[in-house]
Amino acid sequence: MSPIVKLLAQRIALSLLLLLLISVVIFAGTIVLPGDVAQSILGQSATPEALANLRAELGVNDPPVQRYFAWLFGAMQGDLGTALTSGQDIAQALSSRFWNTLFLAFWAAVVAVPLAIFLGLLAVRFKDRWPDKMISAVTLASISIPEFLIGYVLMYFIAVKLRWFPSVAMVNDSMGLFDKLNAIALPIAVLTLVVLAHMMRMTRAAILNVMQSAYIETAELKGLNAFQVIYRHAFPNAIAPIVNVVMLNLAYLVVGVVVIEVVFVYPGMGQYLVDHVSKRDVPVVQACGLIFAAVYIGLNMIADIVAILSNPRLRHPK
Amino acid sequence: MNRHMQYLASQAAAGKLSRRDFLGKAAALGFTAVSANLLLSTAAKAAGPQKGGTIRLGLQGGSTTDSLDPALVTNTVGLMVTRLWGETLVELADDGGIEGKLAESYEASADAKTWTFKLRSGVTYSNGQNVTADDVVKTMERHSGEDTKSGALGIMRGIKDVRADGDSVVFELDSPNADLPYLLADYHLIIQPNGGNDDPAAAIGTGPYIMKSADMGVRFVAEKNPNYWGDLGNADTVEIIVINDDTARVAALQSGQVDVIDRVPPRTAKLVDRAPNITVHSTSAAGHYVFIMHCNTAPFDNNDVRMALKYGINRQEMVDKILNGYGTVGNDTPINASYPMYTELEQRQFDPDKAMHHLKKSGHDGSILLRTSDNSFPGAPDASALFQQSLSSAGIQLDVKREPNDGYWSEVWNAKPFCTSYWGGRPTQDQMFTTAYLSTADWNDTRFNNEQFDQMLVAARGELDVAKRTQMYADMSTILRDEGGLICPMFNDFVEATTDNVDGFVEGIPGQVLMNGYAASKMWVKA
């Protein structure tokens, strides 16, 4: 087995182990949550008998370890259980929400990642001159403003005043791709503004770091122009930290957009999770937690793998 | 000039002139805004409902955990959706009375214990089946069974037996109740095939629309029911979008993505109304924000202390500052003009001298502790601070203690002797009093125990003579006002808004949200 395959297998095994540990944490966390599921389903009209019946029905009287393994084996086979509140199959209800979240994250990434890297390169090219300063100022300002405020401001000017794009990002299966993109234009814009600065600054820093190396000086001395130096020599060597920060931001686009979903009424996973947390619908919360964790770990794993593949020293360890 | 005005009004009603332009021209001709608006609404009604188009509503309160089962409906979105596809036996009429829906007519026995509802003939469900008396019986049974989770269970408790009798349904009650038709107008009691026992969430009913898609907490689409028996339903398609965020809901209306929204935040309602294509509607309602005292706990067991506090509150100030004017002053009874058989009582005013007088008479000394939290009602801590100020001008010291939101309803409300709270309205006086002011009620959150009041409540329930009943309810409100533990400074309005794309919004029945839930089927899209 080549060392690189072994390294990758190790990475993947580690990620799976991590996911398993997180599943324990999620399960334990939802058990110690305050409040009683039966009580919150029945509300104020609960009688002691009804509470006892419902608790037995929900299986909350079994020992936690037994419940954990039952849940884990179910989840591994794609059976995430049924929602307590509506009795719907969670995997089925979640899948359309999850695809919506991925759809939004994907298009936000399509806009934000190239833009951030391009702006980063531009900032390096004009280091300490006005384009660099302006890019930094604007992106840092946009990351500093709370995202719901950016959302409201864009909504007011672009949706209400100019009426270019809708303020309600409602998508459904009967819409074509263009209609969907039109509907999610504003959330994409906000998400781009939120994740731009982080990626742009990291690109700039990583490349500047490389630019101080001797081989960059050599490249300059052999007569390459500034962009070629950055593109051909600095960027490949700076790719690992850039991919890292890009993956972190992609993970954020999937798991951290609850506020944006609420503001733009987007039917993604965030709103689904929030509704079920407030009703103490534990199986749904666990399922969402597991999926979010899997996305986070998966994207970080990809970042690690890219870093290994792009770095000869990691690719050929002693 | 008058003829010119009428011409302009008809143009505006037909959508050829914006409301803002019309009002401007009216002002130039010397008409006041009020009379111009009146002319406009008259002209709009004269133009009449238009058929076709899609009416879109952006509503607050839906959640992904909702169900289409009418028994489980708890919020405005659920109410509006249920009203599209289903119908009850009877419904509240615009004049506060009762009109038939699936029941064509009804009659009560002389003792108000046996009620017979005659079903409308030839009505079919959206799946083609005929509506039978047996369906009605099964529906009532489903909502009143031992293990039902129905929101209507409370009002079904007094019904002993329901049976089919040909094309009629007979209700036998435990004790006389003249309010039964009001109870059966409850929106949970949608008549479903086989009582909804087969599939309660199938959304098969007799309503003016048929559900085409339902994504809980997200979006609902319904199309006109071609076989509907009645005259409801102007638009071809109804789309309901759940928009829980206040700002997003207002923005959706302003950008023209929806035509109707509910719950315009009172703080910004006046600003929203300034937009040329938007009209804000305020409907007086039966919900109220309150301060509640336990009548059996010192110092509130002394009626003079209660009276001192009642005279020491500035009701108008509360309406102005807490509700931003979108509400009406309360009179220390839970009943207002939203209720049928309402009698106006003399309004209690803010009177520091009387407050001081009652406090002296009570002999109470020292400060009084009030508990409050943000979720007891919006602005409760501010209202408590206003109360504190108005009482201090009467020389009464009020200490306000801020309690955490979490656990307020289990630890403070109905547990501590003096706190802030809210009540939603009930369809009738009997319901309201039975829920919270009968001495044996579970939710008697003022610990009110008045034998005369209890007796009158039972007597009024069986009284079929409306004049006598009206008088009895007036007397009961008077008892509550002068002896109860309720300080009710304000009733909050429903604040809703529509765009110029649609017409036909009427305030309708006081105390009911969005034209009693019929906004989608009674309003129309302007051509």
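This is a predicted model: local features need pLDDT of at least 70, side-chain atom pairs count only at pLDDT 80 or more; totals for chains, interfaces and linings use all residues.

Guide: In its largest nonpolar core, which has 217 residues, A169(A) and L191(A) touch the most other members. Helix 9 (residues 185-211) of chain A gives this core its largest share, 16 residues.

Visitor: Which residues is L191(A) in contact with, leaving aside its neighbours within four places in sequence?

Guide: They are A108(A), A112(A), L253(A), V257(A) and I260(A). To count as a contact, the C-beta atoms of a pair must lie within 7 Å.

Visitor: What makes chain B as compact as a globular protein of its length?

Guide: Chain B has 18 helices and 21 strands. The globule rule gives 24 Å for 527 residues, and the radius of gyration of chain B is 24 Å, so the chain is as compact as a globular protein of that length. Its C-alpha trace spans about 70 × 65 × 45 Å along the principal axes. Of the 527 residues, 52% count as buried. Among contacts in chain B with a separation of 6 or more, 71% are between residues 24 or more positions apart.

Visitor: Why is N194(B) called partly exposed?

Guide: A buried residue needs 20 or more other C-beta atoms within 10 Å, and an exposed one has 12 or fewer. N194(B) has 14 C-beta neighbours inside 10 Å, so it counts as partly exposed. The residue is in the loop between helix 7 (180-184) and strand 8 (209-215) of chain B.

Visitor: And what makes N414(B) partly exposed?

Guide: N414(B) has 19 C-beta neighbours inside 10 Å.

Visitor: What is phi in N194(B) and in N414(B)?

Guide: N194(B) has a positive phi of about 55° although it is not a glycine. For N414(B), also a residue other than glycine, phi is positive and near 65°. Most residues other than glycine have a negative phi.

Visitor: How do you know that the peptide bond between A298(B) and P299(B) is cis?

Guide: Omega is about 0° for the bond that joins A298(B) and P299(B), and the bond is cis. Most peptide bonds are trans. P299(B) sits in the loop between strand 13 (288-293) and helix 10 (303-311) of chain B.

Visitor: Why are strand 4 and strand 6 of chain B called edge strands?

Guide: In chain B, 4 strands form an open sheet in the order 4-5-7-6, with antiparallel pairing. Strand 4 (103-108) and strand 6 (159-165) each pair on one side only, and they are the edge strands. From one strand to the next the twist averages 20°.

Visitor: How do you know that strand 6 and strand 7 of chain B pair?

Guide: Pairing takes at least two bridges. Strand 6 and strand 7 (residues 168-173) of chain B have 6 bridges, so they pair, in the antiparallel sense. R163(B) stands opposite V170(B) of strand 7. Helix 5 (residues 133-144) of chain B packs on the sheet and touches strand 5 (114-119), strand 6 and strand 7. The direction of helix 5 makes about 160° with that of strand 6.

Visitor: How many residues does each chain give to the contact between chain B and chain A?

Guide: Chain B gives 19 residues and chain A gives 24 residues. On the side of chain B, helix 8 (residues 246-254) gives the most, with 5 residues. That side divides into 6 nonpolar, 10 polar and 3 charged residues.

Conventions:
Residues are numbered from 1 along each chain as its sequence is written. Chains are lettered from A and ligands numbered from 1 in the order in which they are written. Helices (H or I, at least four residues) and strands (E, at least two) are DSSP runs, numbered from the N terminus. Axes are lines fitted to C-alpha atoms, for helices over the stretch in contact, and angles run from 0 to 180 degrees between N-to-C directions. Two residues are in contact if their C-beta atoms, placed from the backbone, lie within 7 Å. The radius of gyration is taken over C-alpha atoms; the globule rule is 2.2 Å times the number of residues to the power 0.38. Ala, Val, Leu, Ile, Met, Phe, Trp, Tyr, Cys and Pro count as nonpolar, Asp, Glu, Lys and Arg as charged, and the others, Gly among them, as polar. A nonpolar core is a set of buried Ala, Val, Leu, Ile, Met, Phe, Trp, Tyr and Cys residues joined through C-beta atoms within 7 Å.
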